[in-house]
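Please work through the exercises below with the sequence and the 3D view side by side, trying each task before reading its solution.

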Amino acid sequence: MIPELGHFALILALAVALVQGTLPFVGAAKGDIRLMALGRSAALTQVLLIALAFLALMQAYVASDFSVANVVANSHSAKPLLYKISGVWGNHEGSMLLWSLILAVFGAAVAVFGNNLPDSLRARVLGVQALIGVGFLAFILFTSNPFERVSPAPVDGNGLNPLLQDPGLAFHPPLLYLGYVGFSVTYAFAIAALLEGRVDAAWARWVRPWTLAAWCFLTCGIALGSWWAYYILGWGGFWFWDPVENASLMPWLAGTALLHSAIVVEKRDALKSWTVLLAVLAFSLSLLGTFLVRSGVLTSVHAFAQDPARGIFILGFLLLVTGGGLALYAWQAPKLSGGGLFQPISREGALILNNLLLCTLAATVLLGTLYPLFLDLLTGNKVSVGPPFFNATFVPICAPLFAALCVGPFLNWKRAELGPALVRLRAAFAVSVIAAIVAAVAVDGRATLAAVAFGFGVWLILGSLVEFAGRVRRGRLRTLPRATVGMTISHAALGVVVLGAVATASWNVELIRTMKPGDSAEFAGFGVKLESIVPGQGPNYIAERATLVLTRNGQPYTTLTPERRLFTVQRRQISETSIHTNLLRDLYATLGEGDADKGWTIRLYWNPLAPWIWLGAGLCALGGFVSLSDRRLRIGAPRGSKGRSRTAVQAAE
Amino acid sequence: MNRTLFLLPLMMLVILAGFFGWSLLSGRDPASIGSVMVGRAAPRLSAPSLREGEPALTEALLRTGKPVLVNFFASWCAPCLAEHPLFTRLKEREGATIIGIAWKDKPEATRAWLARLGDPFAKAGYDTDGKLALDWGLSGVPETYLIDGNGIVRLHFRGPITERDLSVILPLLRGGS
């Protein structure tokens with residue numbers, strides 16, 4: 001009964017979305033205030049209905065209702081409660097429902113917090129948002145209904161993919177979707193602006209918090225995904241340039257570019273059509289990611305329902321959304337008048353450089369991800385594009401980006417001098433060079449490039465702090481806008497990520513050894529002894545657990561207990577790594593195949609600065625949230641600014 | 001000129017979407033590795049015979065002027081079990097010459113397996129240590145190669161052959177004889 005209610009609510013939501021996606025447009029075109037206001041109530045109704053459907057599915061999972069096909073395929077009564085809940089979005093149908101829910105939540109947020117938007121703009125934004133929702137709801141209802149029943153109901157379910165039974169991955173998809181779907185709001189704003197034929201500073205001021213929010217969530221989502229890959233896949237790495245990872249990186253890069261170019265629109269009324277294009281692209285790349293992951297056109301280590309029939313639907317939807325947006329762009333963007341003029345060396349110039357480089361990075365990732373597909377189709381040759389390609393292309397393009405990143409904030413708007421900025425950064429530069437030399441000489445003489453990259457990491461941190469210190473010295477700490485504080489945090493945090501990534505990837509120490517209980521080895525200054533391997537029993541798996549005792553100078557240091565788990569329902573094995581961290585390095589152990597005769601394969605990694613990767617990413621997102629809390633950016637801006645922004649809009653007309 | 005510039009993103013999308021549509025409709029399988037062997041002369045073949053008293057397998061078997069199927073299999077491999085009836089059918093209905101090579105398998109286990117299921121192979125050899133398989137670019141069992149009358153590899157299947165694959169195999173088998 002409850003699944004049917006959920007299904008029914010979903011059908012109603014589609015009907016409401018259809019209304020929301022049509023009538024407010026008519027209202028905005030005719031200037032009919034009642035039709036425009038309809039968008040607001042429709043958005044609120046829609047979110048209630050989809051939330052109801054989502055709760056209905058969650059209820060089916062929590063209660064292990066095995067008359068629902070989706071629950072049978074992805075759940076099992078012996079599964080812990082957390083994974084029963086996360087199982088709701090751990091599959092194709094449920095994740096699409098989550099996507100729709102988040103889409104509706106963002107729509108409702110625009111409806112609730114968008115009081116200070118001009119009526120016609122808000123009506124159009126909600127209309128576009130609803131049309132995207134129509135696409136997803138129709139997709140769910142017609143091709144991937146999560147509420148389908150099976151009769152007779154089986155006694156128990158097939159269980160969730162064991163790799164997904166992990167707290168990190170339980171929250172990775174919702175965060176990622178918050179990011180992806182957050183860009184739908186900027187997309188809706190871009191389309192609405194193109195329809196209105198007007199992009200101005202006020203528009204940029206509304207768009208920026210949405211971009212920022214989406215960007216923060218996406219940052220967290222990607223970081224969580226990378227952390228998961230680090231400790232669950234057991235390969236010691238944190239980023240594999242896998243198509244699925246790339247799919248989330250591309251919108252992040254475009255979103256980062258958008259974040260910066262929107263500042264230029266807001267402050268200087270320039271770069272308008274470029275910013276609108278980025279807003280369209282950020283969401284399009286999110287959709288492209290969804291398409292790549294679910295259609296099966298590329299292979300990936302990540303398990304997801306891959307189905308060409310669904311692929312056709314998503315492709316059609318992608319074409320409609322992106323094609324529609326870009327066609328509208330081609331038609332309307334030439335009419336957007338350029339604003340303030342500026343010299344190449346200026347804050348605007350620096351932000352354009354940032355945009356150029358970020359977009360080049362995104363294009364590089366796109367090319368690397370899709371090249372195997374192109375080549376296979378055109379010539380029949382199979383290739384795989386992996387880390388060597390990205391190390392040779394992506395990493396060098398980062399160098400000028402990082403180099404310029406610290407200089408940009410020193411430059412004035414309109415026209416600036418490069419000299420004074422560089423003078424103020426000379427200490428940071430000197431320390432970075434020393435750090436690079438020390439890294440090259442003391443740590444590892446072979447990895448010269450890694451040492452240079454390490455220097456860049458130091459440069460990012462110091463350069464950002466020097467700029468911040470300059471502001472503080474001028475006695476403006478109290479009045480310092482939070483957006484500036486957020487910027488400094490995020491920029492410096494990027495440096496932290498770079499340091500962590502470089503150190504982990506270049507200077508790690510690895511030991512692979514077949515060991516039997518009682519065997520000892522030397523590893524990175526530690527004595528390692530395999531104490532025992534004992535069988536264990538989890539709620540829905542059986543395990544082999546190794547106990548590795550690490551000693552330093554003969555003194556006991558720590559014990560690592562990597563496991564190999566066999567999930568009984570799916571007959572799948574996964575390794576559970578064991579990590580000891582002191583925030584400066586990780587000691588990382590995995591247990592491989594083996595038996596009592598031959599011994600077990602033990603893999604040990606010493607990963608210097610590895611925790612900094614996720615610490616930095618978290619700080620990066622924190623910087624975004626701090627910036628978001630800036631009162632100038634606050635979504636429900638105070639009344640005073642409401643009046644001002646209205647005037648600004650009218651003045652621009 | 002300026003207008004065209006604004007059309008550029010849309011045109012890029014159309015090209016991309018074209019590729020995606022093509023990929024989806026062509027039914028290609030991105031997971032298949034493909035093979036570098038196809039179109040080249042068959043690799044070296046020398047393996048002791050599985051059947052007692054028969055001479056060892058040599059390259060001459062691949063250059064008889066008739067197309068030959070070479071199948072790597074093992075008694076411990078379940079997919080080999082699945083494709084086995086197809087080889088029996090190919091031998092009985094089409095008179096195909098099939099050479100079987102047991103890969104990383106104990107000869108007596110292979111013999112027992114063939115005795116139980118029937119032996120469709122004209123010649124059968126074994127490659128216990130997997131050294132021969134290295135030359136053939138084997139990634140596992142089962143894999144099947146079709147070698148034409150001139151000793152050129154025409155087809156390479158990774159994984160068990162299926163009914164669908166017969167539509168590709170049969171014309172080459174018949175055409176060559």
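This is a predicted model: local features need pLDDT of at least 70, side-chain atom pairs count only at pLDDT 80 or more; totals for chains, interfaces and linings use all residues.

**Exercise 1.** Determine in which order the five strands of the open sheet in chain B are arranged, and which of them stand at the edges.

Solution. Begin with the order across the sheet, which reads β3-β2-β1-β4-β5 in chain B, with mixed pairing. Next look at the two ends: β3 (123-127) and β5 (153-158) of chain B each have a single partner strand, so one side of each is left without a neighbour in the sheet. From one strand to the next, the twist averages 15°. Finally, take one pair in detail: strand β2 (residues 97-103) of chain B runs parallel to β3(B) and is joined to it by five bridges, and within this pairing B:Gly100 stands opposite B:Ala124.

**Exercise 2.** Work out which residues of helix α3 (residues 107-117) of chain B are buried, and how they are placed around the helix axis.

Solution. The buried residues of α3(B) are B:Thr110, B:Trp113 and B:Leu114. Viewed down the axis of α3(B), these buried residues fall within an arc of 95°, so they line one face of the helix. This spacing can be set beside a general rule: an α-helix has 3.6 residues a turn, so residues three or four places apart point the same way. Turning to the other side of α3(B), one finds B:Glu108, B:Ala112, B:Ala115 and B:Arg116 exposed. After the helix comes B:Gly118, whose phi is positive, near 100°.

**Exercise 3.** Decide whether A:Ala262 is buried or exposed, and find its contacts beyond its neighbours in sequence.

Solution. First place the residue: A:Ala262 lies in helix α10 (residues 243-268) of chain A. Then apply the cut-off, under which a residue is buried if 20 or more other C-beta atoms lie within 10 Å of its own; A:Ala262 has 27 within that distance and is therefore buried. Leaving aside neighbours within four places in sequence, its contacts are A:Ala204, A:Val207, A:Arg208, A:Thr211 and A:Thr275.

**Exercise 4.** Describe how many residues of each chain take part in the contact between chains A and B.

Solution. Count each side in turn: 19 residues of chain B are in contact with 23 residues of chain A. On the chain B side, these residues divide into 13 nonpolar, four polar and two charged.

Terms used. Residues are numbered from 1 along each chain as its sequence is written. Chains are lettered from A and ligands numbered from 1 in the order in which they are written. Two residues are in contact if their C-beta atoms, placed from the backbone, lie within 7 Å. Ala, Val, Leu, Ile, Met, Phe, Trp, Tyr, Cys and Pro count as nonpolar, Asp, Glu, Lys and Arg as charged, and the others, Gly among them, as polar. Two strands pair if DSSP finds at least two bridges between them. Helices (H or I, at least four residues) and strands (E, at least two) are DSSP runs, numbered from the N terminus. Axes are lines fitted to C-alpha atoms, for helices over the stretch in contact, and angles run from 0 to 180 degrees between N-to-C directions. A residue is buried if 20 or more other C-beta atoms lie within 10 Å of its own, exposed if 12 or fewer, and partly exposed in between; C-beta atoms are placed from the backbone. The arc is that of the directions from the helix axis to the C-beta atoms.
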